[in-house]
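Look through the sequence and the model shown here. The paragraphs that follow go through sheets, helix pairs and some single residues.

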Amino acid sequence: MTTRLADIAAQAGVSEATVSRVLNGKPGVAATTRQSVLAALDVLGYERPVRLRQRSEGLVGLITPELENPIFPALAQVIGQALTRQGYTPVLATQTPGGSTEDELTEMLVDRGVAGIIYVSGLHADTTADMQRYERLRAQGVPFVLVDGFSSQVQAPFISPDDRAAMSLAVTHLVSLGHTRIGLALGPKRFVPVQRKIEGFVRAVQEQLGLSAETVEKELVQHSLYTLEGGQAAAAALIGRDCTAVVCASDMMALGAIRAARQQGLDVPKDISVVGFDDSPLIAFTDPPLTTVRKPVPAMGQAAVRTLLEEVGGTPAPHSEFVFMPELVVRGSTASAPGERPRP
């Protein structure tokens with residue numbers, strides 16, 4: 001027990017006596033100090049005493065579109081840990097095909113009296129969706145933060161990666177390897193992140209390869225689904241248009257692109273280079289290890305929680321968009337452009 005107290009005290013930067021007071025629920029400890037001790041317990045893997053676990057600040061809902069893409073569980077983990085450290089209990093609500101809709105999940109969370117809701121890649125990212133649903137939620141007095149997407153019609157804080165910069169990073173990398181025919185595989189055009197990626201891709205290809213915007217959009221951009229099969233279909237179409245490199249809007253699509261290349265007897269990266277987006281867990285261990293644009297998941301998740309809790313605490317965050325810079329991670333799926341690639 002003494003060793004454990006010492007470990008927790010060192011982690012929290014307080015005395016063992018203070019740790020003892022917190023663990024025993026004694027008064028006379030500042031709220032911030034108490035939170036530091038509880039966070040130290042979480043970090044070191046100790047269970048909180050039952051009487052402390054009961055002192056929850058309340059529930060916070062987290063709505064994600066699905067969990068098959070590993071980037072969503074990764075983001076949910078960051079958000080969940082950040083909420084727990086602040087004394088809140090995260091409630092994960094996931095949309096599944098044929099299951100509950102975002103509106104139904106929202107209603108369920110509101111009925112359970114959540115302190116606030118964080119939406120990840122929700123309807124706020126769909127330019128064809130009715131944004132009045134969010135204004136109705138605001139009218140109910142429920143704070144919320146929107147991750148991955150943007151709408152000027154919604155008065156709320158938004159958290160996004162810089163999708164345009166992500167495409168510039170990918171194109172610049174491929175051009176430096178000698179590629180002049182670079183394709184882009186991504187999801188349906190109605191989504192804001194998709195539109196931004198296209199803008200960034202078109203601008204980068206225009207500036208670095210001198211192609212017209214019309215040519216780029218017509219010949220080098222292929223829409224599909226954000227799945228392995230979607231990436232496979234999109235990449236097959238782009239390979240058929242003589243692309244020697246494919247940038248994908250998700251790592252799952254990139255794995256599909258690698259499969260498409262191999263089905264046509266092409267080697268990755270000798271014959272065709274593939275770049276993903278997200279840097280999902282385990283993606284460094286694929287065959288070949290995937291070059292990808294890393295989404296700043298820890299920074300985005302922590303910002304979402306911090307912004308929401310400011311709203312919950314009565315200090316509304318600015319109703320604007322917080323944009324986080326992605327990072328290119330070069331691995332084994334990209335290489336110099338082939339000289340004269342034989343047609344499949």
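Are α6 and α7 roughly parallel or oblique to each other? Before the answer, some ground rules apply. This is a predicted model, in which local features need pLDDT of at least 70 and side-chain atom pairs count only at pLDDT 80 or more, while totals for chains, interfaces and linings use all residues. Residues are numbered from 1 along each chain as its sequence is written, and side-chain values use heavy atoms, with hydrogens and water left out. Helices (H or I, at least four residues) and strands (E, at least two) are DSSP runs, numbered from the N terminus.

Helix α6 (residues 102-111) and helix α7 (residues 132-139) pack at an angle of about 5°, and their axes are 12 Å apart. Axes are lines fitted to C-alpha atoms, for helices over the stretch in contact, and angles run from 0 to 180 degrees between N-to-C directions. Angles under 35 degrees count as roughly parallel, over 145 as roughly antiparallel, 65 to 115 as roughly perpendicular and the rest as oblique. α6 and α7 are therefore roughly parallel to each other. Where they meet, α6 supplies Glu102, Asp103, Thr106 and Val110, and α7 supplies Arg133, Tyr134 and Leu137. The residues of this contact (heavy atoms within 4.5 Å) divide into 3 nonpolar, 1 polar and 3 charged. Here Ala, Val, Leu, Ile, Met, Phe, Trp, Tyr, Cys and Pro count as nonpolar, Asp, Glu, Lys and Arg as charged, and the others, Gly among them, as polar.

Next come the sheets. Two strands pair if DSSP finds at least two bridges between them.

Which way do the side chains of β5 point? Phe158 and Ser160 point one way and Ile159 and Pro161 the other way, and all are buried. Buried means under 20% relative accessible area, exposed over 50%, and partly exposed in between (1.4 Å probe, protein chains only).

Another open sheet of 6 strands has the order β7-β6-β8-β9-β10-β12 and mixed pairing. Its edge strands are β7 (221-223) and β12 (327-329), each of which pairs on one side only. In this sheet, strand β8 (residues 245-248) runs parallel to strand β9 (residues 273-278), and 3 bridges join them. Ala245 stands opposite Ser273 in β9. Helix α9 lies across β6 (182-186), β7 and β9, and runs at about 175° to β6.

Helix α9 (residues 192-209) also packs with helix α10 (residues 213-220), at an angle of about 120° and with axes 9 Å apart. That makes α9 oblique to α10. The contact involves Ile198, Phe201, Val202, Val205 and Gln206 of α9, and Ala213, Val216, Glu217 and Leu220 of α10. These residues divide into 7 nonpolar, 1 polar and 1 charged.

A further pair is helix α11 (residues 228-239) and helix α12 (residues 251-263), packed at an angle of about 50° with their axes 6 Å apart. α11 and α12 are therefore oblique to each other.

The peptide bond from Val268 to Pro269 is cis, with omega near 15°, and Pro269 is in the loop between α12 and β9. A cis peptide bond also joins Asp287 and Pro288, with omega about -5°. Asp279, in the loop between β9 and β10, has phi near 60°, a positive value in a residue other than glycine. Asp279 is buried, with a relative accessible area of 16%.
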